[in-house]
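Please keep the sequence and the structure in view while reading.

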Amino acid sequence: MMTDLTKLTLAAARDALHKKDVSAAELTEAHLTAIDDANDLNAFIEVTADKARDMAKDADTMIGAGNAKGMTGIPIGVKDLYCTKGVHSQSASHILNNFKPEYESTVTSNLWADGAVMLGKTNQDEFAMGSSNENSYYGPVKNPWRAQGSDKNTVPGGSSGGSAAAVAADISLAATGTDTGGSIRQPASFAGLVGLKPTYGRCSRWGMISFASSLDQAGPLTKTVRDAAIMMESMAGYDAKDSTSTNIPVPNYEAALTGDIRGLKVGIPKEYRVEGMPEGIEKLWTQGIDWLKDAGAQIVDISLPHTKYALPTYYIVAPAECSSNLARYDGVKFGLRVDGDSLDDMYKKTRAAGFGDEVKRRILIGTYVLSAGYYDAYYLKAQKVRTLIANDFKAAYEKCDVILTPTAPSAAFNLGEKVSDPLSMYLNDVFTVPASLAGLPGISVPAGVNSLGLPLGLQLLGRAFGEEQLLAVADVLESAAGFNAKPTKWWGDKS
């Protein structure tokens, strides 16, 4: 029974809790036991077992008093990038060594107010910089999925790889992620999950450790679209502490899952048919188009002409913002300090020891594009192209309601396969970056497996603050795909 509890969806667990078929304490204990058995995955950096048990007790009290909400008693993992009061919050970086904030991020505060239970902090790429979760100070996360007949580990995607691995391995009912250029959607695709990046401004960024402030957005990684709708409603909301937060009401996302998308127009962008894309992904995309057509949607060909410039634009804008945001880590007030002969020497030694290679690479790129003489040539030009990309989407949404594309150009690749080739790694974000630059919502839905049995996702993109419509279409796509594959357990006790 304890193992079965970890296999529940969030929605099923919520219903069982409300009916009192199971207690939050039992549900939490089952997940803590499963986490203990899954150390091989390296999905969690810190497990907060005592805190989880206390929160579960409070959740059971809420349920007993008839005050239960959608997330009450639901045990979740929290990406290490969210500040959690008195708990390890380091964005998987050595430079924030032993940092335990005295405050709670708004998104996690919202979840705790609704009675959710924190299992611990999940591993990630350092400062959310990466597409494979191999850039963590705490070591790489292993994807629960392996290719059929192979004993080689695959990556869970990044940067929210720990959250994705935890949910895919049934050691967390759901988890928070963050998406700057695809860091929720791509891991969801690699791990056979649903990953939702909401519209920029829908969730507060307050208390999230910044990478690129004009792109970072919080969102859920879950087992189903319904689960994403439930969790999203709890996470979202206006926050006066975040100047980029938008003051519009949060709808009941679950109520949008009507199963009826007749007459809806689905756009298919020709620019997403990239050279060298595996046949399996092309085939799945065609299958996705047929599924939505069969559900009564109208398929419309659209063009997003500036798509080819999205990746280079992103890799100018994001590093520029990161070099500015990460300048605050200098060893003076908190985190790691490596003493030197002078203040400058202390800065140099601390930053050299504290930042990993990928973070250093992006700081260098960002500092270069912002420097005198290069600002106009690179950063200013990138901002102009970003506007053109956003305008492409505006024009497309005059013809369609949502856009369907693949989520990633491949399935999960082997650990270590691309680590020495940054450009090849950056290409993983080719389908997710355009919507991030435009600040639009996107969701990845597991839709099939490749010839090696590894999961593949399809991505839906919506209008700004059109999450209800996006979730409604994703729900129909999920039903049509009927994806129910699970990774074969190779970690822990193998039971």
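Helices (H or I, at least four residues) and strands (E, at least two) are DSSP runs, numbered from the N terminus. The model is predicted, so local features need pLDDT of at least 70 and side-chain atom pairs count only at pLDDT 80 or more, while totals for chains, interfaces and linings use all residues. Residues are numbered from 1 along each chain as its sequence is written, and side-chain values use heavy atoms, with hydrogens and water left out.

Among the buried residues of H8 are Val225, Ile230 and Met235. Just after H8, glycine 237 adopts a positive phi of about 140°.

The sheet comes next. It is open, has 11 strands in the order E1-E3-E2-E4-E6-E5-E10-E11-E9-E7-E8, and shows mixed pairing; two strands pair if DSSP finds at least two bridges between them. Strand E1 (44-47) and strand E8 (298-302) stand at the edges, and because each has a single partner strand, one side of each lacks a neighbour in the sheet. From one strand to the next, the twist averages 30°.

Helix H16 (residues 467-481) lies across strands E5, E9, E10 and E11, running at about 5° to E10. Axes here are lines fitted to C-alpha atoms, for helices over the stretch in contact (heavy atoms within 4.5 Å), and angles run from 0 to 180 degrees between N-to-C directions.

Helix H13 (residues 375-396) has 22 residues, which should span 32 Å at 1.5 Å a residue, and its end C-alpha atoms, 31 Å apart, agree with this; the expected span is 1.5 Å times one less than the number of residues. H13 bends by about 25° at lysine 381, the bend being the angle between axes fitted to the seven residues ending there and the seven starting there. Its buried residues include Tyr379, Arg386 and Phe393, and what covers the buried residues of H13 includes E8, E9 and E11.

Finally, the structure holds 0 disulfides, a disulfide being a pair of cysteine sulfur atoms within 2.5 Å. The sulfur of cysteine 203 is 16 Å from the closest cysteine sulfur, in cysteine 83, and is therefore too far for a bond. Cysteine 83 is buried, with a relative accessible area of 2%; cysteine 203 is buried at 1%.

Key: Buried means under 20% relative accessible area, exposed over 50%, partly exposed in between (1.4 Å probe, protein chains only).
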